[in-house]
Amino acid sequence: MGRTITTYLIDGTPQGPRMVYVSNKNCMAIVVPRSKMNEVIIRKELQKCALYILSGETDEGEPKAYIGETNNFSKRIKDHDQKKGFWSKALVFISQNESQIDKADVLYLEAKAITLALTNKQYVLDENKQNPDLPVLPEHKRDPDDEFFEDIIFLASFIGCNIFEEPSQKQDSHTIHLYLSGRGADARAIYNENGLTVLAGSIIAPDNTNSCQAPERRLKLIAELTEDSDGKRELKLNRRFDSPSAASTFCLGRSSNGWTDWHDAKGIPLKSLLNR
């Protein structure tokens with residue numbers, strides 16, 4: 001079933017601050033680039049209870065985020081602007097209904113958000129020092145909050161922040177099954193409209209060669225995402241990559257052109273498969 005998503009460009013530019021919401025839904029996302037924050041911070045929509053995500057990168061280029069809650073985002077972000085240097089964009093999730101979301105609700109949403117983001121390991125969350133326990137809410141508040149959180153997940157994905165997404169093995173007629181081997185690696189992946197996802201159970205090369213790009217970042221990912229299996233490094237969960245080359249470099253521990261190194265069961269490279 002289709003959905004209608006409304007996007008309002010606050011300053012009229014595609015890269016500027018914007019409001020995003022699904023028709024007939026209460027949840028609204030306000031996306032604010034850090035460079036534009038002072039221009040929109042006085043808006044009344046940002047002066048209410050909210051769940052927010054500060055999104056950016058680590059020094060090694062890995063996606064990084066901070067998840068928080070607040071009674072007033074306009075006031076809270078001033079402290080983050082001074083103390084947190086990594087972020088380049090803020091995603092603020094608010095209720096379009098003034099009376100729907102209060103402090104107890106955003107604490108509940110924050111706990112769910114941090115737990116899910118830590119589980120899926122798509123972003124570095126080292127700025128979140130604690131994983132808060134899920135507050136106990138009465139049923140009449142918990143049910144709408146759970147629905148609100150589902151809308152947060154959907155809007156975050158639509159905006160391009162996959163912090164809550166678990167790379168899945170969901171497949172359709174457009175899914176390409178891929179394989180990769182070398183340097184002790186024996187990896188499987190799928191390629192579709194979501195990019196390339198290396199599948200859990202893949203064997204990953206344990207070390208780097210001199211040609212490996214961002215070697216420290218790769219070793220950090222190896223430690224976080226793999227486990228020892230009979231002396232080999234086995235991927236514990238599905239991991240999506242923005243490009244085939246990033247995925248093949250991760251698997252092989254060396255510089256790699258993923259468009260040619262990933263191939264199907266017949267040995268046909270991914271580039272040729274797409275050209276067909």
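1. Lys36 is partly exposed in this predicted model, with a relative accessible area of 25%, and its side chain meets that of Asp11 in a salt bridge at 3.5 Å, N to O. Asp11 sits in the loop between strand 1 and strand 2, whereas Lys36 lies in the loop between strand 3 and helix 1, so that the pair links parts of the chain 25 residues apart. Asp11 likewise counts as partly exposed, at 30% relative accessibility.

2. Of the 16 salt bridges counted, one joins Lys64 to Asp126 at 3.3 Å, linking strand 5 with the loop between helix 3 and helix 4 across 62 residues. Here Lys64 is buried at 10% relative accessibility, while Asp126 is partly exposed at 42%.

3. Glu127 forms a salt bridge with Lys84, with the closest N and O atoms 3.1 Å apart; Glu127 is partly exposed at 23% and Lys84 is buried at 12%. Salt bridges with shared partners join Lys64, Lys84, Asp126 and Glu127 into one network.

4. The axes of helix 5 (residues 215-225) and helix 6 (residues 244-252) come within 10 Å and cross at roughly 75 degrees, and the two helices are therefore roughly perpendicular to each other. The contact involves Arg218, Leu221, Ile222 and Leu225 of helix 5 together with Thr249, Phe250, Cys251 and Leu252 of helix 6, which by class amounts to six nonpolar, one polar and one charged residues.

5. Zero disulfides are found in the whole structure. The sulfur of Cys251 is 11 Å from its closest cysteine sulfur, in Cys212, and is therefore too far for a bond; Cys251 is buried at 0% relative accessible area. For Cys27, buried at 1%, the closest cysteine sulfur is in Cys161, 13 Å away and again too far for a bond.

Notes
Residues are numbered from 1 along each chain as its sequence is written. This is a predicted model: local features need pLDDT of at least 70, side-chain atom pairs count only at pLDDT 80 or more; totals for chains, interfaces and linings use all residues. Side-chain values use heavy atoms; hydrogens and water are left out. A disulfide is a pair of cysteine sulfur atoms within 2.5 Å. Buried means under 20% relative accessible area, exposed over 50%, partly exposed in between (1.4 Å probe, protein chains only). Axes are lines fitted to C-alpha atoms, for helices over the stretch in contact, and angles run from 0 to 180 degrees between N-to-C directions. Helices (H or I, at least four residues) and strands (E, at least two) are DSSP runs, numbered from the N terminus. Angles under 35 degrees count as roughly parallel, over 145 as roughly antiparallel, 65 to 115 as roughly perpendicular and the rest as oblique. Contact means heavy atoms within 4.5 Å. Ala, Val, Leu, Ile, Met, Phe, Trp, Tyr, Cys and Pro count as nonpolar, Asp, Glu, Lys and Arg as charged, and the others, Gly among them, as polar. A salt bridge is a side-chain nitrogen of Lys or Arg within 4 Å of a carboxyl oxygen of Asp or Glu.
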